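Subject: The structure you asked about

Hi there,

Here is the structure I promised to pass on. Have a look at it first, and then read on for what turned up.

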Amino acid sequence: KKSHRTSVNNMSVNDIKAVRENWRVFHDDLTATGISVFQELFRLNDSYEDMFRGIRDAGDVTSSNAKLREHSIRVMCSFDSWIIALCDAPVLEGLLVRQGEEHVPRKVFRQHFFGYEEGLNLCYDQTTRRQVQRFGVQRGI
């Protein structure tokens, strides 16, 4: 059985469904997730803090840092828009191109996004672990 794949994301309908299902873990609190991801990103590679001087200059990398909250919302809403557009290749491509165009002048390149991906994966693991534990407590396990 053949599945339709788009030229931008090369994902099947089932792949997209799985991504959207997994994204729900974060969707309830994009700000907190974004903050956690940035904290992980900076923990994994402290040189990234230099790329985010506005955040660093605004104080500690905690939820009390307004610049961190602001950027976390912007980044996570971008991710949200990409996930919404997974079924619409021209829109997804436009969103991703715009993201690249906004970051290249700041010398943020593809390899830097992989660091963000690692932070996001760590947060996903921590979030799902907490959900499983909460489910177990609710069920008396």
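Helix α4 (residues 66-84) and helix α5 (residues 89-103) pack with their axes 9 Å apart and an angle of about 155 degrees between them. That makes α4 roughly antiparallel to α5, a label for angles over 145 degrees, where under 35 counts as roughly parallel, 65 to 115 as roughly perpendicular and the rest as oblique. The axes are lines fitted to C-alpha atoms, for helices over the stretch in contact, and the angles run from 0 to 180 degrees between N-to-C directions. From α4, the residues R74, S78, S81 and W82 meet L92, L95, L96, Q99 and E102 of α5; contact here means heavy atoms within 4.5 Å. The residues of this contact divide into 4 nonpolar, 3 polar and 2 charged. For these classes, Ala, Val, Leu, Ile, Met, Phe, Trp, Tyr, Cys and Pro count as nonpolar, Asp, Glu, Lys and Arg as charged, and the others, Gly among them, as polar.

Before going further, please keep in mind that this is a predicted model, in which local features need pLDDT of at least 70 and side-chain atom pairs count only at pLDDT 80 or more, while totals for chains, interfaces and linings use all residues. Residues are numbered from 1 along each chain as its sequence is written, and side-chain values use heavy atoms, with hydrogens and water left out.

Helix α4 also packs with helix α2 (residues 30-44), at an angle of about 105 degrees and with the axes 8 Å apart. That makes α2 roughly perpendicular to α4. On the α2 side are L30, T31, T33, G34, I35 and F38, and they meet L68, R69, H71, S72, I73, V75, M76, C77 and D80 in α4. By class, this contact has 8 nonpolar, 5 polar and 2 charged residues.

Now for some single residues. I83, in helix α4, counts as buried at 11% relative accessibility; buried means under 20% relative accessible area, exposed over 50% and partly exposed in between, with a 1.4 Å probe and protein chains only. Leaving aside neighbours within four places in sequence, I83 is in contact with V19, R20 and W23. The C-alpha atoms of I83 and K17 are separated by 9.8 Å, although the two are 66 residues apart along the chain.

S81, also placed in α4, is partly exposed at a relative accessible area of 23%. H27 lies in helix α1 (residues 13-27) and is partly exposed, at 39%.

What about the cysteines? C77 is partly exposed, with a relative accessible area of 39%, whereas C87 counts as exposed at 54%. The count of disulfides comes to 0, taking a disulfide as a pair of cysteine sulfur atoms within 2.5 Å.

Finally, the whole protein. There are 6 helices and 0 strands, where helices (H or I, at least four residues) and strands (E, at least two) are DSSP runs, numbered from the N terminus. Of the 141 residues, 33% count as buried. Among contacts with a separation of 6 or more, 62% come from residues 24 or more positions apart.

Best wishes
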